[in-house]
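This report goes through one protein chain, element by element. Please keep the sequence and the model in view while reading.

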Amino acid sequence: MNQPIAIGVEKYKEIIDKNAYYIDKTWMIKELIDQASSVNLFTRPRRFGKTLTLSMIRTFFEDERTYDGEKINNGNYFAGKKVMTAGEKYVAEMGNYPVIKLSLKSAKQPDFQTAYHCLRDEISREYSRHRYILKSDKLIDADKEQYNRMMNRLGTSEEYVTALWFLSQCLSEYHQKNVIILIDEYDVPLENAYLRGFYEQMVDFIRSLFESALKTNDALKFAIVTGCLRISKESIFTGLNNFEINSILSNNYAEYFGFTGLEVEEMLKNYGLEEKIMEVRQWYDGYLFGNTEVYNPWSIINYVNSMVNGGIEFPQPYWSNTSSNSIIRELVESADGKVKEEIEQLIDGGTIEKPVHEEITYEDIHKFQDNLWNFLFFTGYLKVESKRFENRTTFLTMSIPNDEVLTIYENTIREWFDCQVKSMDIKAFYQVILSGDAEQAEIFLSNLLERSISYYDKKEDFYHGIMLGLFSSISGYEIQSNREYGNGRPDLVLRPYNPKKPVVIFEFKYRKKFNEMEDGCKDAFDQIEEKKYAQPFLNQGYQKMIKYGICFCEKTCMVKCML
């Protein structure tokens, strides 16, 4: 029987307790010890294993205690893992340090006060987790009083901005060891504050919290901070020394977030899915962290689980369903003519080149269009193909990583297009179509196509989708797409509920050259006649027929009508 697959489980101990499938990333512990950086910032896209990695690191290093102060032995959680072969020097570090673990991922409230209370509650829970130290006489009474205030959410705002520093001082005094601080998803409250309009207040709070804990803290062993984006060092991490930044451009630790090709092949083999490797590559591979190619781990886990346990036969866009993908919407909605062309290039399998700016803030996102492309890159919506350095600036050639991410772009564009259509006088277009006015129909469609964002690799399918969307709100008609009539399947049919109204039959063609569009319309009409698309409606007693042959070429069209 195959090992169970733990979907959405981000606690290392829970995965091991359930004997769930785990791709061993514990060698990262050895590298952390060898690197010996005071503060490590890891930026990776969402759902690439940051939280699970921090949980694994905490389980290894923490001198974990019960509320009564009894030591918890976590050694069994690493039995047979890679780190246990690193040598005694590294194994001796297991269970040796007090650990503060703080997640900021839930700070998504509508105003600063509510978000602050949420973060305060998160801090208080970490105080409560370590409340065993209050039973010791190693802390003076004044420190115990402050500790109780913080644990019971009664501390002042001044006390909470130094909460991590104070907790680490207390833990260090109790354990007589310096403290490891793990902060997960540090940029979530910053992004939320930017979107909600209280960015400066949140920056001030996070900066003070981090500075006291990570800069002026003699009780710190080392710290790890994770997030999706590298925010400007000057805005949050002011003055930190020995600060190592590990972004998706870095070679260090590249294989520890995401699954490597060998790890994916082994997982597929374990679950009898070896023949799916090409499909998996096309859908979920393509990310390049440093010089290491990796797969999206969230999507791989869900894919294997769906194939083995869910009865799913085809790949799904699992990653795209884990957030609002608002950054793609911002790009599409704010796109000028040049950006629309660049989006079309990407969707058509091409590349774009942009300067890379790692030290940006959320406030900078709309100052320059290149900043938005940078956000797309660092959050996993683009991958690097090549780099070049010129005039003290690094330029990246980027593309869409895989089919899963491609669906996000396409679906976002469809949603945007639907909104565009709703803002137009669509009823006037319906009247034009039902009257057989090919000239006005051509003008309307050409204007709409000029404003749209296309992806040409689908050819007729892309334009078919546009036409299907245009008629989604027509009243008095049933919309039939690729339904069998006569000796074939017309692209689109508008069948009236009232037999006195006309049946409208559409056949679409796509041509690569403008001077071939006339022939495209002729081919459309020839198909309508040869396949006898109208005959079943005539047999049913419909008296009026309108036949359209429409040929598309890039962002224009030719419309011909036969009554």
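Which residues of helix H11 (residues 261–270) are buried?

## Helix H11

The model is a predicted one. In helix H11 the buried residues are Glu263, Val264, Met267 and Leu268. Viewed down the axis of H11, these buried residues fall within an arc of 130°, so they line one face of the helix. An α-helix has 3.6 residues a turn, so residues three or four places apart point the same way. Leu262 and Lys269 are exposed and sit on the face of H11 turned away from its buried side.

The cover over the buried residues of H11 includes two strands and two helices: strand E6 (259–260), helix H12 (277–284), strand E8 (292–295) and helix H13 (297–309). Just after H11 comes Gly272, which takes a positive phi of about 70°.

## Whole chain

The protein has 563 residues, of which 57% count as buried. Its secondary structure comes to 22 helices and 16 strands. The C-alpha trace spans about 95 × 50 × 50 Å along its principal axes. Among contacts between residues at least 6 apart in sequence, 71% join residues at least 24 apart.

The accessible surface comes to about 24900 Å², and carbon and sulfur atoms account for 46% of this area. There are 68 positive and 84 negative side chains, and 3 Å separates the centres of the two sets.

## Strand E3

How many of the six residues of strand E3 (residues 179–184) are buried? Six of the six are, so the strand is largely enclosed by the rest of the structure. Val179, Ile181 and Ile183 point one way from E3, while Ile180, Leu182 and Asp184 point the other way.

E3 pairs with strand E2 (residues 99–103) through five bridges, and the two run parallel. Within this pairing, Val99 has Ile180 of E3 as its bridge partner. E3 also pairs with strand E4 (residues 220–227), again in the parallel sense and over five bridges. Here Ile181 stands opposite Ala223 in E4.

## Strand E13

Strand E13 (residues 492–496) has five of its five residues buried, so it too is largely enclosed by the rest of the structure. Leu492, Leu494 and Pro496 point one way from E13, and Val493 and Arg495 point the other way. Arg495 is buried, as are the others named here.

In which sense do strand E12 (residues 477–481) and E13 run, parallel or antiparallel? They run antiparallel and are joined by five bridges. E13 also pairs with strand E14 (residues 503–510), in the antiparallel sense over three bridges. E13 and E14 form a hairpin with six residues between them. Val493 takes part in both pairings: Gln480 has Val493 as its bridge partner in E13, and Val493 stands opposite Ile505 in E14.

## Trp373

Trp373 lies in helix H16 (residues 369–378). With a relative accessible area of 0%, Trp373 is buried, since the cut-off for buried is under 20%.

Which residues is Trp373 in contact with, leaving aside its neighbours within four places in sequence? They are Leu331, Val339, Glu342, Ile343, Leu346, Ile352, Lys354 and Leu382. Pro355 is 18 residues from Trp373 along the chain, and the C-alpha atoms of the two are separated by 9.2 Å.

How values were computed: Residues numbered from 1 in each chain as written. Predicted model: local features only at pLDDT ≥ 70, side-chain atom pairs only at ≥ 80, totals over all residues. Heavy atoms only, no water. Buried < 20%, exposed > 50% of the residue type's maximum accessible area, 1.4 Å probe, protein only. Helix = DSSP H or I, 4+ residues; strand = E, 2+ residues; numbered from the N terminus. Pairing = 2+ DSSP bridges. Contact = heavy atoms within 4.5 Å. Areas by Shrake-Rupley, 256 points an atom, 1.4 Å probe, with all protein chains shown as cover. Lys, Arg positive; Asp, Glu negative; His and termini not counted. Charge placed at Lys NZ, Arg CZ, Asp CG, Glu CD. Arc of directions from axis to C-beta.
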